[in-house]
Amino acid sequence: MIPLLPRRLAPRLLLALLAAMGAMLLLAVAVAVPALDRQRDRLQAHRLGPAMAALWQEAEGALADGGSADAELATRHITDLHFEIGPLPEAPTAMVRYFFTPAYDGRAPFEVRVLLPRPLLEGRSIDLGAAGGGFDYALAQIATDIADTGLPARATLPLSDGRWLTFASPRYWQARWTPVMRGLAVLVAGAGLVLAAFGLARLLALPLERLAAAVGPEHAGPPQPMAVPAGASAEVAEIAAAIDRGRSALTELLEDRTRMLAAISHDLRTPATRLKLRAEWIEDAGVRDKILADLDEMTVMIAAALDYLKQGAQQEVEQLVAFTSLLQAVCDDYHDLGRPVRLTEAPPLQFDASGTIFGPGDRGARRTLLTFDQARVLRLRCRPDALRRALTNLIDNALKYGGVAEVMVQATSEEVIVDVLDEGPGIPEEEFANVLRPFYRLEQSRNRGTGGTGLGLAIVKSVIDAHGGTLELSNRARAGLRARVVLPRRLEG
């Protein structure tokens, strides 16, 4: 089916529009034609009434003259109206009686019986005095009523010899769709049209959705050539090719930047080392200490810049790790240095106790919880070294500006959430987005003693983005900052 579609998107949309218009036109015709046919047959069936009255009157006239009604009607032939004389036929399911008031032709009572396969008509009486057209008009009304039922029915009129004159019309009194059946058919056809339109829309939109998913954040990683989705239009293929070219250019730019700064750092480290050695020979202790401090600051800034660039390169291979153990190891390193860092692990799993076929449970009693004794093991596929560096930066910020760091971890079946809390002054809300930019500092003096290099949170955001997660900053109600890391809980690569 797909190869039959045009290559360009505009002809596909035109084809879809024409298909929708054609389907709606067919549906309208399917609804209108039976309705017009039914109205036409209803008008035509009205003419059966006078024919029925004439035949009945001829049969009654023959009987009144002492002749035979069968012989009188044997030579009669009326198109679309069949008749026979005999006993009253049995009703297949329902019988409807039409009573004439006052009695017709001195007969009391006089009735016309209609035999139906389903009870759709109720017993009725027709006042010949108010009928206007008399007996002919009354039988015409009965013929129209039968045509309205859409069922194969028969009408019988009594004769003076005790037999019945039975009429049938294979053309007008036949099985046909009733208004309810047509309504249901329209609903079914409309539902089919909606489903077909939805399927066609999905067919046109699916390549674009797959293309969008292929470049989404969950596919962060080394750029790979994009596969054009099956059935994609030429425009989608061109977009995929343009994205490939852009990603290749971006990859080359990042690699060039990394190589350039790596070369700069290598070139700077050698003279920096020589300067440190020469500074040791400076006799003035004050000048010597200042020069060494400047060299140490320069070395830290170069290392921080390289750390940030390494996250853009994303060279580390993902591994399935015990995330709780990784976080515990980071906090233990600070404990070994005597730093105030506290870790609150995810609470153990709990389940409500319920009765089974082997035990009654606690129905009607207080709620009972079953709790696992062992700590939860949170497994996560990630780049462990990069994630460890990001968590370390968050804890360093909490210790630097708040004095203490509280690390809390919780997890669901879909994500792992880590909160790093401090008791510092916090960050103005209008600066939340800015502090995540590289080399941006709230303290503009560029003094590392008061503001660092401006790359700590930028490195964290780069790492979390590479994992398909989010980094959220918010001020606590009392004092301090909350840095929340939300990571998708992936177990497979």
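The protein chain exposes about 28,800 Å², and carbon and sulfur atoms supply 59% of that area. The model on screen is a predicted one.

**Whole chain**

Start with everything shown as a cartoon. The protein chain holds 12 helices and 15 strands. Of its 493 residues, 33% are buried. Take the contacts in the chain with a separation of 6 or more: residues 24 or more positions apart account for 65% of them.

**Stop 1: helix 1**

Select residues 9-45, which are helix 1, and find leucine 14 there. Together with Leu14 they form a nonpolar patch on the surface, with about 410 Å² of accessible area. The spacing of these numbers is worth a look. An α-helix has 3.6 residues a turn, so residues three or four places apart point the same way.

**Stop 2: arginine 76 and its partners**

A search of the whole structure finds 11 salt bridges. For one of them, select arginine 76 and glutamate 58 and show the side chains, which meet at 2.6 Å, N to O. Arginine 76 lies in the loop between helix 3 and strand 1, and glutamate 58 is in helix 2 (residues 48-64), so this pair ties together parts that are 18 residues apart in sequence. Arginine 76 is partly exposed, with a relative accessible area of 33%. Glutamate 58 is partly exposed too, at 27%.

Glutamate 72 has a relative accessible area of 31% and is partly exposed.

**Stop 3: aspartate 80**

Move along to aspartate 80, in the loop between helix 3 (69-74) and strand 1 (82-86). The side chains of arginine 171 and aspartate 80 meet in a salt bridge of 3.5 Å, N to O. This pair links distant parts of the chain, 91 residues apart: arginine 171 is in the loop between strand 6 (164-168) and helix 6 (179-214), and aspartate 80 is in the loop between helix 3 and strand 1.

Arginine 171 is partly exposed, at 39% relative accessible area, and aspartate 80 is partly exposed at 22%. Look at the backbone of aspartate 80 as well. Its phi is near 70 degrees, a positive value in a residue other than glycine. Most residues other than glycine have a negative phi.

**Stop 4: strand 3**

Select residues 111-116, strand 3, and pick out arginine 113. Arginine 113 is buried, with a relative accessible area of 12%. What does arginine 113 touch, not counting residues up to four places away in sequence? The list is Leu88, Met95, Val96, Arg97, Arg154, Ala155, Thr156 and Trp164.

**Stop 5: helix 5**

Select residues 134-149. Helix 5 has 16 residues and reaches 23 Å from its first C-alpha to its last, close to the 22 Å expected at 1.5 Å a residue. Colour its buried residues, among them Phe135, Leu139, Ile142, Asp145 and Ile146. After helix 5 comes glycine 150, with a positive phi near 70 degrees.

**Stop 6: helix 8**

Go to residues 285-313, helix 8, and select arginine 288. Arginine 288 is buried yet has no salt bridge. Its nearest side chain of opposite charge, aspartate 289, is 4.3 Å away, and a salt bridge needs the atoms within 4 Å. Leaving aside neighbours within four places in sequence, arginine 288 is in contact with Ala279, Glu280, Ile282 and Glu283.

**Stop 7: helix 12**

End at residues 456-466, helix 12. Eight of its 11 residues are buried, so the helix is largely enclosed by the rest of the structure. To see them, select Leu457, Ala458, Ile459, Val460, Ser462, Val463, Ile464 and Ala466. Helix 12 is followed by glycine 468, whose phi is positive, near 75 degrees.

Note on methods:
Residues are numbered from 1 along each chain as its sequence is written. This is a predicted model: local features need pLDDT of at least 70, side-chain atom pairs count only at pLDDT 80 or more; totals for chains, interfaces and linings use all residues. Side-chain values use heavy atoms; hydrogens and water are left out. Patches are made of residues with over 30% relative accessible area and no salt bridge: like charges are joined within 9 Å, nonpolar side chains (Val, Leu, Ile, Met, Phe, Trp, Tyr) within 5 Å. Accessible areas come from the Shrake-Rupley method with a 1.4 Å probe; for residues, only the protein chains shown count as cover. Helices (H or I, at least four residues) and strands (E, at least two) are DSSP runs, numbered from the N terminus. The expected span of a helix is 1.5 Å times one less than its number of residues. Buried means under 20% relative accessible area, exposed over 50%, partly exposed in between (1.4 Å probe, protein chains only). Lys and Arg count as positive and Asp and Glu as negative; His and the chain ends are not counted. Contact means heavy atoms within 4.5 Å.
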